[in-house]
Every structure is written in structure tokens, then in C-alpha cells.
Amino acid sequence: MILSILAATPIVGAVLLALLPREPAPHHRAKYVALGVSLITLVLSLVVMARFDQDAGGYQLTEKHEWIKVFGAYYSLGVNGIGITLILLTTILTPIVILAAFGDRLPDPKSTNAYFAWMLAVEGLAIGAFAATDAFLFYVLFEATLIPLYFLIGSFGGPNRSYAAVKFLIYNLVGGLLMLASIVGLYVISARQGQASFLLSDLQNLDFSTNTERLLFLGFMAAFAIKAPLWPLHTWLPDAAGQATPGTSVLMVSVIDKIGTFGMIRWCLGLFPGASDWASPVVITLAVISILYGALLAIGQDDIRRLIAFTSVSHFGFIILGIFAFTTTSLAGSTLYMFNHGLSTAALFLVTGMMIARRGSARISDFGGVQKIAPIMSGVLLVAGLSSLSLPGLAPFISEFLVLAGTFTRSIPAAAFATLGIVLAALYILIMYQRVMTGPLKAGNEGVSDLDHREMASLTPAIILIVGLGFFPQPLLNVINPAIDEVISHVGKGDPAPKTPVQIDAPATQEGGHE
Amino acid sequence: MFDLQWLLIAIPLASGLGLLVWGKEGDRFGHLIGTAASALSFLFGVVLFASLLGKDGEDRSQSTKLFTWIDAGSFHVDMGFTFDQLSGLFVLLITGVGTLIHVYSIGYMAHDERRRRFFAFLNIFIAAMLTLVLASDYLVLFLGWEGVGLASYLLIGFWQHKDSAAAAAKKAFVVNRVGDLGMATGIMLMFSEFGTSSIHAVNGAITSASGSVATALGLLLLLGACGKSAQVPLQSWLLDAMEGPTPVSALIHAATMVTAGVYLVVRSNGIFDASEAARMAVIVVGLVTLLAGAWIGCAKDDIKKALAGSTMSQIGYMMLAAGLGPAGYAFAIFHLITHGFFKANMFLGAGSVMHGMNDDVEMRHYGGLRTFMPITFATFGLGYLAIIGVPPFAGFWSKDKIIEAAFGENFWVGLGALLGAGVTAFYMTRLMIMTFLSEKRWREDVHPHESPKVMTWPLIGLAVLSALGGVLLVSNWITEWLEPLTGHAEHEELAVPAIVLTLIITVVVAIGVFAAVVFYRREPIAAETPADSSVSFFARAGRHELYGNELNDAIVVRPTRHLTRFLVWFDGKGVDGFVTGVADRLGDTSQFLRKPQTGYVRSYALTMFGGVAVLVLALLAVTLA
């Protein structure tokens, strides 16, 4: 029940907000209701975490009810180490985003209730998608996330928001349609081989012919590759992120897009291990292209929000690379990467969003010397930027290095090319930081005041987690590891063994008493 | 007690972070707390080092595991530290010289309103540098490696309201990232080859792996070392880095951080011993850099850049020595330590001069400062004697040993090192003449004066160390101290007795000094830098840093910029155009694209529900069939 309650809480909150009568500006009631609901959800997710046995492995806290009998669709939930990690990311980021969005200037101030209601809806649907263990339920939730995001982009974004929202919708609907074809196909096959069922556990026992498996895989993979987004299907993201409010961008890139990479692990690797293996050379190539292409495009952007979107294209490339390298190390890295990227991108989108709102422009060339008048904002931007370029000591370094080290054991060229991304990452972050923050104060920036207390309160948790997980990633990795072992053994690919294995025996080792 | 070695790092780290978070009220004490943290770490380091002295040779490597840093898949890294003969020496150098520079900075940065933050960054640097040298695992070393890179970035760009400082900081970081490619790939190779990146395990097992692995690892680590230690071909950032406040140049860009590459090679001696080719590459890099840096040092009129060229060159000596294998490791470290003393001394001296000259760095505007800044002159003079290798000052002992070992390896390598010694004597004499001797060429409104005591005392301390640093070699103490780590070297028989070689070196140094005196005392020094067209090719190339920046621009920067511009165009017209074009034809989406602009937003919600309806219908159809 607890998973259902967890997913339902923000949905109920959203309905409540929608029903609340509108109030005059500054709309305190709607904002605090939304924040309160998201905090309750966070607490619930921590309860879920506490009840999750991280050593036991497998799917836990499961629920199963017959839903649409004629399709064999079940309302079936459960979490493994990967799902719970992403649920935690969702519940941590939502309050941060809502608190940061208190200051958003909306095109129509009367729609404040709707703005926060849609955000809560995104949270609830995402939790559902991460917990669904029935393919049909997952599909419905996956598609349903488009609705709140469509309205968040299309109603509350910048001047070009309608174009961006429709582009977002069409791209993702096309992906969804292809996945739908595979869902139908799964149904046909499972019905032929006995009782029709969409349960993950039943689908994993189906026998596919090689070609069928590949076709079905492609349907799922197309949807996830658009969502993730993988080169060359990425072009909707910069447009959407360039028009959306910062909070929407965070929910879209940090949370919803993760359903794409999460789906690759749970549904592509889970249902079609043979086809995943078959496709891996192509996917790895596209992932490496994404890494370098996204980074180079980020260097070339003048719009800060588009720049961050392209950095995410690059980062998603790393995540996908780690997934399709099929090693426990790289896959654990990819899962952790999803969490860490969520944090660092959230911090980047939010702090630059605050800066852009004050300046009235998102163009890098309009900024200059802001550090002088807004040192705290500058410091937060630097930490968020350094985490995006994976500086050791900050959380994303661990996950990126795990991806690369794991990939290296599988394919040296893929790892070597991907590693070039670390130089490009330094360029796109530091060039942006230099142009925006350093030098003499540029005319027009006088109004860029430093962060206020509310803004600091929203960003501080993200920064603390980014630094803390850089030194102590183990609490999360301990949750992730058992699930990764299961996925890799399901795919049937063991880790390549070291060529000259070493028995680790440090001389004169004295165990410090700090374990 | 060695279980507590993490405190060496934790003390300055806590102080640094605390000072950053502390508000304005911390401005009054921040510098004192920062200095105290560094001093405390030094004192603890002395205690640890002393107890190491009391142990037998076998027990002098004290490791401790703090916690499991990363355990994922088959990857496992402990946050572990090792205090041994090598890291112990570094701890003393980093915290000792570091503390003196903290003290000096109290005076040097007295009028900077962001002084508290400056000390916070210095503390963070100390913590990161200690992590680098104490690490038991290459990945932990990499954590420190990038940490010092971050501190260097923050401190080069400390005066970031200056565009040049911000650009220099970024350049240093990016060039170092190129080196990091080597470090990161090297660690990946270790993981895939040995299943671990423990320094001890990798260096122990390297002989069981194939020779090509050792060579690959050696070259990858060397690439990292080239970045951090400003060795050719990744040297270009160091001269720009002189934009940072002068104490930073002394601590980070002379005494400690830039020598991390040498530390890396010596620490990885197992890998380099196993590969002749990798060691040869180290020797070539060292030799080329030692000559290139010396060349640049001869041509620069900016006192800090002249010293920076010299730093490159001296690190080239260390690198060269490290490339000689067991015969040179100890001398590389010996020269690294003595250089840490005399170069920090001279950079702080240069800072003291700038302090008295309204922050002017142009040596052509100096002259005759000897009588106005007697303490600075005297301490700088000791550093000068040490660096050019006049007996019995510290640099004489360490450089002499390197040149001797270089001749033992190969006549031409030795000759290059010998030539470098002569050029060093030339450019340092030039610097002394232009700054302290010769006639006054001051700008208007300059009133040179000696610096306050808080700045001169550290100078005196470092000058004493520059003079006496050679005692480390007494009865071969440093070679025997390091031998358990770096291995025993058979003494190469030279063609001439060592004492004759020493005499030859001294003669070459004397020629260098004499040449500079003749050249710069013959006629008055111009108060303005002569135009490029009026100087020799030699001077012109040196001024332009041997055209390293132009080369980087031509082969890396500009092509990348063009590629980026092309891709931005391609992404909009090519990728996006293609995908939306296909979509247009497939689904007649132009309808979709037009409608919302007329405000029919609801129709999309309808479309969505249409999609769901299609799904239900399809499933029903299949079921019924």
C-alpha cells in the first residue's frame, strides 16, 4: 500500500490545489499547500526507504490488483534498488523546485494554482512510472506524464512556449506510439503463449523469436531514446528547456527524462536482453556521439538554458553508454548518474533561472561581472557548474568515473572517446562562468541582486547532497548494487575479468576505527 | 598515531570551508585562523615524521583506511592514506612552506577586502595537496589532483574583476583537464588490467602484466604530469597563471602544486621501472622543458613571468631526474625540495618588490632596489645563489647530482642538463641586475620601501632554508631514506671523476653569470621594452613563449571553435530540420505546428485522449480476434 499512497499523495494534492479557490497575489496559500504536499511526499518516500531491505534485492513493497482483466493488465507496483533511487530523486527535487518556483513570474498570475498543481501531478505520475511492474500500467503512466508537462511548458513558459510545447508533445507522442505498437505485440505474444499478462515477471518468461524480440525492443527503445534524449532525437529538449520555467525544466530533465534511461534498464534490458545485446554497438556509438555532440553544442550556445539542455544531452549519453556497456560497474554508475545528474542539473537550472529572471535575459553575452554584486549566487553557480563538469569531490564524478571505468573493460575506444567529454565539459562550464560572472560589471546587470533567503533555502539541500555524495556515495550505492547484479545476470553478461588480477594486501595496513 | 594522519588534511579543510561560510564578522580573524590551521597541520606533520624516523626501514610505510569511498559493481576504492618516507617529506614541505606563505600573505593581502576568502582558498589548497601526496589509491590521488587544480583555478582568478585573471584561471583549468585525460584513462586501464587502482598493488603487479601495459600506463600518467607540472606540450598555462596574487605563485605555482607531476612519476616508480620507453619519454619531456623554460626565462621582462619560466625549467630538471629511474628518483625529490625553498623565497621576494613598486611587475621599471629593500635583496640573493648552483647553497647540491646522473644515462642528456645550468645562471643574473643592481629606472610616483616584518620574516626563513637545504644530502641521507621506496641504483661509472664534473658545472655556471654581467652592465638598460623588431630571434621567440600559445590556437582552439560553429548550424538545419521534416511528411504535423499559435491548446489534450482511445481499440481488436 505504501507505494500507492506515496504516488497518490501528490496527485491528491494536485487535485486539491486545482479545486482551491483562486486568491489574490501573492498566492501564498497555493504555494504553501504545494510545498507542504511535496514535503509530506518526501517524508513518505523516506519511510519507503526505511522499509526497503537493501540487502534482500528483488522487488519489494509490492502490490498487485487485477485492473483490466480482458487485457491481462494489473495494477502492480514494486521497487528495486534502481526504482527506489529514482523515486527518492523525485521526492527530493520536487520540494526544491516548488520552493524555488515561489518567485516565478507567470504569464497569467491567476493560474498560480494550476502551475503548482501540474508540478505535483508530474511528481505523482513519475513515482508511479518508477514503481510500475506492469508494462501496460507503465505505458499509461509514461504517456500521462506528457499532459502536465505539456501544460507546464505551453502555458507558463517564455514567448515561444507554444511551439516548444507542441514540439515536445509530438516528439514524445511519436515515441509513445512506437512503444504502443510493442505493447500490443507483447500482449499478442503473451496471449498466444497462455494467459495474457502484462506483468513484468510474466513477460520475462515469454519466448520470443529473434526477430520479434528485436522489433519489440525497438519500439520501447525508440520511446526511451526520444525521452532520454539520445542523438539525433534530442532537438526537442533545447527548445523545450529554452522556453520552460526553470522549475519545469528541472522536472522535465532531472525527473521525467530519467524515465527514459530507467525504462531502458527495466524494460529493454529486462524484457529483451538478447535484442539489447544485439543493438548495443549501435546504441553505444550513438551514446558516444551524444556525449561529444552535446558538449560541443553546449559550448556554442549563447542562451544559458539551451546550454544546460545540451549539457544534459551529453550527460544522458554517459548514462546510456553505461547501461549498454553491460558491466556491473558501468550500470551502477549509470544508475547513480541518474540521481547525481538530477541534482546537479536542478541546481544549474534553478540558480541560472534566478539570475535570468533578475536580468530579464538568458543570453550569456548580456551578462558580465555579476560575481561582484552577487557573490553567493556566483558561488552556487560555480559549485553547480563544477558538479556538471564532474569535478572529483562532487557527486557526479563518482558516477561518471564508474561509467567510464566499466565501459573501458568492455570497449576501450568507446571509453576513450567518451573521456574526451571531460575536457569539453570544462570548456562549456568555465566559458559560461567566465562570461557571466567575471570581469568588470557589464551595463544592464545592476539589478542582479544576490540570492535571498528563500532561494538559498531551496538550493542549499541540492548543494549539500552534491558535496556529500561526492565523498560518501555508498549509502546510495549500497541500495543500487544488488539490483544491478540482478539486471546484469539477467542480461547474461558477466564483467570482463581483470587480465592480471591483484590480491589486494596493503602493507602494514592498520584499520582506522572509522568504518 | 598514524591512524590520525587524516587530521593533517581535515584541519586545513575544516578551516577553509569554515572561513568560506563564515560571514563578514570573520574578516577580522579569518587570516589568523587560516594560518593557525596550516601551522597546526605542520606541527602534526613534524610529530608524525619524527616518529617515522624512529622506526626501522621496513615499518616506515604507515597506511590507514578511513572508509570505503566507492564500492560499486566490481569497482572498489578505499579512502585510504599512506604516510611514508616520500609523502612524509612532502607533508613537511607543503605545510612548512605553506605556513610561511600564509604568514606572508597576512601582510601582502592586508588591504584586500576579500582576504578571508583568500585564506579559505589557501587552506583548501593545502588540504587538497596533502590528499594528493598521502593517497594510497590513484583515484584518491586524483581527488587531490583535481582539488589542487580547483584551488589553483580559484586563486589564479582571485582578482576576477580583471578579465586577464579570469581568462588565465580558465586556461589553467582547461589545459590541466587535457592532462587529466591521461590520468583518468590511466586509472581506467589499471582497473581493467588489475581490478584495482591501489598505488601499492598496481606498482607491485606491473611486472606480471605485459610490457605494453606498463608503457601505456607510464605515458598516460606522464600526460597527467605534463599538465600539472607545466611540462611541454602542456606548459602554456603556467606563465598566464602569474595573474594570481604573488603568494599563490610562490606556494602553488612554484613550490608545491606544479611539482605534483614529479611526485606522480616517483610515486609510480614501479610502472616506470617496468618500461624503458615510458622513462625515455619522461627524460625527453624533462630535457625539452628545462631548455624551453630557461629560454623563456631569458627573454621575459615581467619579473614573475621570468621566474615562472625558471620554474618550468627547474621542474624539467626534476622530471629528467625522475626519468632516469632508481638512479634519479631521490635526486628528483631532493631538487624538488630545495627548489621549493629557493623558488618560494624568490617569488615572495618578487612580491615584496612589487609591494614597494605599486604592483609593477616590469623589471625595466626597477633598478637599484638593493639599498631600498635590503632584507628583500639579501634573501633574494641567497635564493639566487641557490638556484644557479653556487656551492654550498642548496641548489648546488641538488642540481649537481641531477647533471651527474644525467651524464650517467647518456652523454647528450647530460650535456643538455649542463647547458641548462649555464642558461639558468644567465637569466637569474639578468634578473638580479635588472631588479636590484643597475641604475634606477622607476616610474613617477614610486617610493620603494622595505616590506613589513610579517612579510620579511618568512623571507628570512626561506632564505635560511635555501642556504642550508643541502644538508639533506649529508652522508647520502636522502637517497638512503628513499631507497626502500625507489629502489637501489648501481652507481654508474662516469668517464670523468665526479669532482671534475662538479668543477665543469661550476665553470659553466660562472660563464653564464659572466655573460649576463657583460651583456647587461655594458650599457644602461632601456626603461621600455625594445620592440620585437629590434631584438634577436632568440629574444623574440622567448618573449612569445616559443609560440606555444600560437601553436595551441592553430591546432586545437581554432579547429574546435570552427567545429562548434558548424555543429550549431548543423543541429538546427541538419538534425532538427531532418527529423521535423520527416515528421512533417509522416504525420502532416504542420497542422499541429500552426494550430497552437492560434490558441487551440485544448485540441492537444484531445489528441492525447485520442491516442489512448487508439490503444484501447487496438487491444480490443486483438483480443476479439
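Trainee: What is the mean pLDDT of chain A, and what share of its residues reach 70 or more?

Mentor: pLDDT is the predictor's confidence in each residue, from 0 to 100. The mean for chain A is 92, and 97% of its residues reach 70 or more. Over residues 505-515 of chain A the pLDDT is below 50, and this stretch has 24 contacts in the model beyond near neighbours in sequence. Two residues are in contact if their C-beta atoms, placed from the backbone, lie within 7 Å. This is a predicted model, in which local features need pLDDT of at least 70 and side-chain atom pairs count only at pLDDT 80 or more, while totals for chains, interfaces and linings use all residues. Residues are numbered from 1 along each chain as its sequence is written, and chains are lettered from A and ligands numbered from 1 in the order in which they are written.

Trainee: How many residues of chain A are in contact with chain B?

Mentor: The size of an interface is often given as the accessible area lost when the parts come together. Here the count is of residues: 79 of chain A are in contact with 76 of chain B. Helix H7 (residues 161-192) of chain A gives the most to that side of chain A, with 13 residues. Helices (H or I, at least four residues) and strands (E, at least two) are DSSP runs, numbered from the N terminus.

Trainee: Which residues of chain B does A:Pro501 contact?

Mentor: Leaving aside neighbours within four places in sequence, A:Pro501 is in contact with B:Phe194 and B:Gly195. A:Pro501 lies in the loop between helix H20 (474-491) and strand S3 (509-511) of chain A.

Trainee: Why does A:Pro501 count as partly exposed?

Mentor: A residue is buried if 20 or more other C-beta atoms lie within 10 Å of its own, exposed if 12 or fewer, and partly exposed in between. A:Pro501 counts as partly exposed because it has 13 C-beta neighbours inside 10 Å.

Trainee: In which sense do strands S1 and S2 of chain A pair?

Mentor: Two strands pair if DSSP finds at least two bridges between them. Strand S1 (residues 60-68) and strand S2 (residues 73-79) of chain A pair in the antiparallel sense over 6 bridges. A:Ile68 stands opposite A:Ala73 in S2(A). The hairpin has 4 residues between the strands, and A:Gly72 takes a positive phi near 75 degrees.

Trainee: Which residues does A:Val351 touch?

Mentor: Not counting residues up to four places away in sequence, A:Val351 touches A:Met377, A:Val380, A:Leu381, A:Ala384 and A:Leu459.
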